Amino acid sequence: MTKQQAEKKTVKFETEVSKLLDIVANSLYTEKEIFLRELISNSSDACEKFRYESLSNKDIENKDPFKINIHIDKKNKTLSITDNGIGMNEEDLQLNLGTIAKSGTEEFIKKIGDKKGDISQIGKFGVGFYSSFMVADQVLVRSKKYNSKIGNQWISDGKGTYSIEEGDYKKRGTEITLSIKKDDIDFLEKMKIEEIIKKYSDFVPIPIYLTSSEDKKEEKDKNEQINSAEAIWLKDKSKIKNEDYEAFYKQGSSYYDNPLKVIHFKAEGVVNYSSLLFLPKSQPHDLYHPDRKNKLKLYVNKVFISDKLESLIPAWLRFIPGVVDTEDLSLNISREVLQNNAIIQKINKGLTKRILKEIKELKSKNKEGFLEFWKNFGAVIKEGLYEFNDTHDQIFEFAVFNSSEDKNLITLEDYISNYSNDKKKIYYISGENKDNLLNSPQMEYFKKEKINVLLITDPVDEFWMPMKNKFKDYEFTSITKGEIDVKDHEKNTKENKNDKEDENFIIHLKELLKDKVKDVKISKRLTSSASCLVADENDMDMHLKKLMAANNQNVNDEKRILEINSKHDLVIKMKSLKKEDKDKYSEILFDHAKLMEGENLDDPKKYTNLISELVSK
Ligand code: ADP
């Protein structure tokens, strides 16, 4: 040892580092707690590096299992992170912790060169360590490199200079001691630290232990590993048991049951990432809560980045929990930048495609499971059809609907191939529930003619169907709106029946109900009921209007069209009445139609009185 080496050296940080320290401490990170994530990540890397070194260099013995110890010293107000990784010598300390241009990780990658390493590396980043100055007014690094005889120490208050000197650190690896700032002493609470470890570093592949100067004997004896230490998503699928997936699913998400399907894959190409996703069996309680964002966690090389990244997966897949881990991003990238990041967008596309493919497969392989899944999440997935995106065809491959002619749920493809109609239309009717819809007066003609009608009970369908307008070349057509295009033979017979008496009665009703309805027509859709209401062709559909009104949305107050069944006994009777009786009783037809829509009458008593009078007449 030369005299010079033993001396304490005080060195100025590179200008860039000084600047960086300022930025890191003040603006780059909003959540201070991530300093621990960074330090743990460095320790874990150091272990990974040493693991590699010992694999490629037979002279090195690696007896001790890797571990990271975190210790809270309440009295001295310090928090230390210790690892038995590769360690740093004087030069490393200076290079790695004094300059940013030369990241040790980058050097290491160069060293690995073409030998395709089995080690996952944190590259590119190079600022993590400095985040410790967010919570510490002094940082002491004591370290001994695996191939050094002596230890060294690095110390700084993060304000322009650091000093390096030989130290008495004897163990291989590094110990980083943070003197916690006055305002941040909550980082000396064991519970809090444990929480942070679990939150950010649970799957760091090296075991993490936590001790405190205040630990009682039992706690010391117990000293359990805090993290689960497994980046299960990076493991070989064949080595993962179902129970492992299930445990990970329950721990990482807010689901308590087992997942319906595990989706575990690695994407390689333009972007590289590994992903472990789940199709859940049950609905999360906040599925429709406006604050609910997605449940996907983004990792960069096993280091947790965010579970709030909205651009990672479409909102209509917000119920999919899991993990995405990529090496293609840098760790210190800010949330705002991530949100519009091109790599994230590519991952989003890849994940979406994959999930939809898996749902389709679920439908073909596990019908029962799929139907349960669809019941829970179908309406959410269909939000994707209300957006302009390129997933619609994929969604249509499995999206199923109730219909009037089929007791099973059918896809749109089933509809057009099994129930094709010459009008090239996909008929639908919307409302609260399937049975009521089946019994609607507007369904009568379609039931008689056995024309299949989709029974729509998910409000979302009422939004995307009119917007999308067509499936293949079949037009979505509401049967409670506008004219219906009846079969040609029907057309002739119906039109012939539209005789003088009918015409006069219509004129009469139009005048009588002019404040209540937009128009009165002889119905082509009624076969057994006396009357019904429909929306005019270009107006908002009736049920949609009710939905919007119920949600306090502004809707135009368009009146509806009253259709009457001229062959119905009640109508026949009315047509035969004297003018003043017609005036008196015709209102029944409007009230009757309202009742069929499940609406309240303005004057129910008057309605029942009129009915009984008419019957006894
Ligand atoms: P990054 O880890 O992203 O490169 P950091 O600023 O966090 O950036 O760390 C800089 C470098 O310091 C690391 O690349 C590594 O070489 C070295 N280093 C940090 N912590 C440790 C540690 N616990 N053991 C060994 N080397 C470390």
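Biologist: How should I read the accessibility of Lys518, and what is its relative accessible area?

Modeller: In this predicted model, Lys518 has a relative accessible area of 42%, so Lys518 is partly exposed (buried means under 20%, exposed over 50%, and partly exposed in between, with a 1.4 Å probe and protein chains only). Local features need pLDDT of at least 70 and side-chain atom pairs 80 or more, while totals for chains, interfaces and linings use all residues. Residues are numbered from 1 along each chain as its sequence is written, and side-chain values use heavy atoms, leaving out hydrogens and water.

Biologist: Which side chain meets that of Lys518 in a salt bridge?

Modeller: Side chains of opposite charge can pair when their charged atoms come close. Here the side chain of Lys518 meets that of Asp536 at 3.1 Å, N to O (a salt bridge is a side-chain nitrogen of Lys or Arg within 4 Å of a carboxyl oxygen of Asp or Glu). Lys518 lies in strand E19 and Asp536 in the loop between strand E20 and helix H19, so the pair ties together parts that are 18 residues apart in sequence (helices, H or I of at least four residues, and strands, E of at least two, are DSSP runs numbered from the N terminus).

Biologist: Are Lys575 and Asp502, which also form a salt bridge, buried or exposed?

Modeller: Both Lys575 and Asp502 are buried, and their side chains meet at 2.5 Å, N to O. Lys575 belongs to helix H20 and Asp502 to helix H18, so this pair ties together parts 73 residues apart in sequence.

Biologist: How many salt bridges are found in the whole structure?

Modeller: A search finds 46 salt bridges, one of them between Asp168 and Arg142 at 3.0 Å, N to O. With a relative accessible area of 52%, Asp168 is exposed.
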